[in-house]
Amino acid sequence: QVVKNNLSPIWEPFKVSLNSLCSCEEKRKLRCVVWDYDSRGKHDFIGEFFTTFEEMQKAMGENKVQWDCMNPKYKIKKRNYKNSGVVVLLDLKIHRVYSFLDYIMGGCQIHFTVAIDFTASNGDPRNSCSLHYINPYQPNEYLKALVAVGEICQDYDSDKKFSALGFGARIPPKYEVSHDFAINFNPDNDECEGESSSRGAGSTAGTRPSRLAHPTGIQGVVESYQSCLPKIQLYGPTNVAPIISKVARVAADEERTKEASQYFILLILTDGVVTDMADTREAIVRASYLPMSIIIVGVGNADFTDMQILDGDDGVLRSPKGEPVLRDIVQFVPFREFKNVSGAGTRSCL
């Protein structure tokens with residue numbers, strides 16, 4: 001950072017990984033250099049100092065650490081030379097970054113949430129060209145993607161109960177646009193369960209009919225989706241930040257408890273370009289500090305360039321203000337490239 005026209009600059013806080021700073025070696029010698037900025041690029045060397053991360057940690061809490069910024073040439077030429085200024089470290093905080101495996105090996109259970117795009121760009125569900133086409137004989141593109149990915153993820157969810165949300169639709173009773181509604185229309189419990197059924201166990205007197213358990217996991221979401229679709233009006237825009245933030249709030253509440261027993265996975269199924277890109281980037285950066293991961297599955301044949309940006313594989317995703325994600329929590333999958341591969345192939349791409 002450049003602080004212009006100030007002989008006593010105060011730099012903004014910045015973040016850097018311990019691996020980038022010192023290869024995680026706390027005693028490794030670090031050279032810090034200070035320059036006087038020149039708009040033509042011929043910056044003047046002011047001085048330098050040497051320290052270690054071990055020494056820098058003394059600034060944690062109320063303490064401060066300072067170093068003399070020295071110019072070796074001046075030290076040789078000037079007999080009474082003390083320094084070219086003093087650099088003060090006002091504060092230092094260490095934030096441990098846990099990986100997905102850290103959470104799972106630490107005993108976290110998976111809490112799985114599905115978010116489905118109900119924007120008008122998907123097409124009228126009554127039209128056979130729609131990605132939401134209601135076909136009694138075969139699943140539409142959303143159902144194919146939901147089952148393909150959901151059947152893999154449900155293996156890691158102990159209670160097999162999935163929360164399921166929708167976005168971009170007008171919903172009853174007032175048919176106002178919502179970007180984070182429960183597709184079972186129960187805002188107090190968005191976990192989906194299928195209908196129960198019973199079968200006779202025989203004609204012997206006194207024999208009770210056996211009852212099947214509620215189909216949970218992805219099948220419960222499938223049934224809620226099929227029931228929800230005729231009741232809503234596809235609309236827009238394609239805003240996904242509200243749902244990311246909603247799941248992130250639950251994850252943050254969980255992290256504040258002493259148990260911290262759940263890791264949250266959000267599966268977003270969408271057909272195209274995100275409208276609230278800036279808000280989505282900001283929401284992902286905030287979520288990267290939480291026990292949470294996001295899988296985005298692109299349904300259909302749209303241009304998914306923005307999704308590749310959110311994935312961050314080609315560079316670190318940053319918020320609109322330039323703050324980088326703490327860890328890479330987004331995986332984008334274009335379903336058209338994987339819908340014909342085996343379950344094992346789909347699992348490997350996730």
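## A tour around helix 7

Helix 7 and helix 8 cross in a left-handed sense (the near helix is turned anticlockwise from the far one by less than a right angle). The model is predicted, so local features need pLDDT of at least 70 and side-chain atom pairs pLDDT 80 or more, while totals for chains, interfaces and linings use all residues. Residues are numbered from 1 along each chain as its sequence is written, and side-chain values use heavy atoms, without hydrogens and water.

Select residues 241–256 (helix 7) and 277–287 (helix 8): their axes lie 9 Å apart, at an angle of about 15°. The two helices are therefore roughly parallel (angles under 35 degrees). Helices here are DSSP runs of H or I, at least four residues, and strands are runs of E, at least two.

Next, show the contact (heavy atoms within 4.5 Å). Helix 7 supplies Ala241, Ile244, Ser245 and Ala248, and helix 8 supplies Asp279, Thr280, Ala283, Ile284 and Ala287.

Step back to Pro237, in the loop between strand 13 (233–234) and helix 7. The peptide bond between Gly236 and Pro237 is cis, with omega about -5°. Another cis bond runs from Pro172 to Pro173, with omega near 5°; Pro173 sits in the loop between strand 7 (169–171) and strand 8 (176–178).

Finish at Phe185, in the loop between strand 9 (181–182) and strand 10 (191–192). Phe185 is not a glycine, yet its phi is positive, about 60°.

Methods:
Axes fitted to C-alpha atoms, helices over the stretch in contact; angles between N-to-C directions. Parallel < 35°, antiparallel > 145°, perpendicular 65-115°, else oblique.
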